[in-house]
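Q: I have a new structure to read. Where do I begin?
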Number of protein chains: 2
Amino acid sequence: MGGDHAPEIVVAGAAIAQRRFPDVHFLMFGDERRIGRLIDAEAGLRAATTVRHTELAVSADDRPSVALRQGRNTSMQLSINAVRDGDAAGVVSAGNTGALMAMSKVSIKTLPGIDRPAIAAFFPTLVGESVMLDLGANVECDVHNLVQFAMLGAAFARSVLGLERPTVGLVNVGAEEAKGREPVKQAAAILREGSPYFGFHGFVEGNDIANGTVDVFVVDGFTGNITLKSIEGTVKLYTEYLRQTFKSSLTTRLAFLLARRAFKKMRARLDPRRYNGATFLGLNGIVVKSHGGTDAFGFANAIGVAVDMTANGFNDILTRELASFAAEQPTKARAAVS
Amino acid sequence: MGGDHAPEIVVAGAAIAQRRFPDVHFLMFGDERRIGRLIDAEAGLRAATTVRHTELAVSADDRPSVALRQGRNTSMQLSINAVRDGDAAGVVSAGNTGALMAMSKVSIKTLPGIDRPAIAAFFPTLVGESVMLDLGANVECDVHNLVQFAMLGAAFARSVLGLERPTVGLVNVGAEEAKGREPVKQAAAILREGSPYFGFHGFVEGNDIANGTVDVFVVDGFTGNITLKSIEGTVKLYTEYLRQTFKSSLTTRLAFLLARRAFKKMRARLDPRRYNGATFLGLNGIVVKSHGGTDAFGFANAIGVAVDMTANGFNDILTRELASFAAEQPTKARAAVS
């Protein structure tokens, strides 16, 4: 029931996802009358879906703390509980981000060795795709959070991008060791010790994101959130300039007609719907947050992220890696910050 | 002598600027033999230029603290001293940013009421141009720094963009009052009290930068630097996608030929050289930092920023405003953070 166009785009997105992943079964939480009609309108979806009725829903403006206390029987809380109880492999929501994070932390809990979950998502780059985290779950991050994000992001890149040993960079204001904020410098000191699961590249800068210099960009949630939205805004600005350019004369209109197909392909590469589905990493279960304003195609992609993570056994792999890190590194990690 | 292509592009940039601003006189600091020849190759530049010879220069890799201690007779230090001594109205350099800031702070000093200078620059937006600061001078910013940046940025927008009462926004992870980091929330509480010199819009998010939601975007130097470089990287990425699209077939090549002129105009709107010339605001003198990798056209634009600020009496206006703010607001400002 979450997001700007729910439940319509959620059901339509499930229908698209069902054609892509015929083995997936959907548990939908919400108003049965509204959802039921939408499901019946999609060929084949009814057989792949169970609806659990509730009339309550978290709204976009609810404070996370309020949603947590008063939202026991909302569609969001019930869907998260289904993951906790093993009824669902993962949850996908287009609803209130803060509430989804707060409820997930309390209900599903974090993995051993993880203090705080982070929000991660993919970005298009000059050479492919990269992961960035945290995109806004934690406005303040200490050295341990950043080190944990590196491990979470690397496991995510391995599981969804299929990279054997992803490279990890810490986002900073310069490449030199002496530059930047204290937690970032301390995290670099720990990560330089090395890991069997990823290669630490060192510091990276803002322009490295679009360049795809590393597979995983680690940053605090304040900077990450602002960077993410700045990039989205810049893509929108450039696209608008492009539109104006093609509309500027008869000749440019003709040029557009000639190149229309190629441009459609280009815009698809930057389409935010393609990169929809931010993942809450570090929880003891799979939670994927869809953009609230997305459409059915975008929501289907968010479902795809959850399916990929489940199919690749993401949380099992991550749990093993965290346990081995905890066994090897605790002294190093503490020493570096004392 | 600073930057990747000095002194060639500096002298060539001065020649371009001289045609735009025939009344400006240049004091150039550096190796007289190398500079002299370049000046003589530019028609009319010799008469508008005085060269002060020094063989020493700060290099790009010098640590600011080292440059400060050992760089007494470098071209950078001497040019800054010329501003301090009233020999020059402002200094423009494509050299080492950290060294330029450190030397400027010690030699020129900050204005009364300003704890730390900030780096500011213009951005293209959907509706025109906006200013953002700090772009990297201060990786940690407290509430007072942010409030001072708002005043500095507003005075800059007024002086260079000619806006009577610019709007100011604090960059944050959400528009709601409860969101974000403590210093940002505290700064908002002070800025909400109002100012005769600018309108405070409240919190803005990353996508508001490209939208041009406000005239002045205030942010800490860590986030600002990473955001700036992310935006530059995204423009480069989009441009590369565009190039690939136009090269993808014979038809698209033809389309490019048809629209070439219009595209040249579009790219000019996003041309980083157009926005070259980051200003160190809050100093008791005008200091403009050109991108180290720019060309003569870009360097001329950086000179243009210094000329505009001088012509509009930027620092006199700012000093008056700071004095009136100090008289009105100190109690409020202190109360809000205690």
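A: Begin with how copies are compared: they are superposed by least squares on the C-alpha atoms of residues with pLDDT of at least 70 in both. This is a predicted model, where local features need pLDDT of at least 70, side-chain atom pairs count only at pLDDT 80 or more, and totals for chains, interfaces and linings use all residues. Residues are numbered from 1 along each chain as its sequence is written, and chains are lettered from A in the order in which they are written.

Q: Which rotation superposes chain A on chain B?
A: A rotation of 180 degrees, with 0.0 Å of shift along its axis. The RMSD is 0.0 Å. That is the relation of a two-fold axis.

Q: Which residue of chain A comes closest to the rotation axis?
A: Ala255(A) does, with its C-alpha at 2.1 Å.

Q: Why do the copies meet through the same surface?
A: Contact means heavy atoms within 4.5 Å. Of the interface residues of chain A, 100% are also interface residues in chain B, so the surface is the same.

Q: Where is the peptide bond cis in chain A?
A: Look from Leu133(A) to Asp134(A), where omega is near 5 degrees. Helices (H or I, at least four residues) and strands (E, at least two) are DSSP runs, numbered from the N terminus. Asp134(A) sits in the loop between β5 (129-133) and α6 (143-161) of chain A. In chain B, a cis bond joins Leu133(B) and Asp134(B), with omega about 5 degrees.

Notes. Side-chain values use heavy atoms; hydrogens and water are left out.
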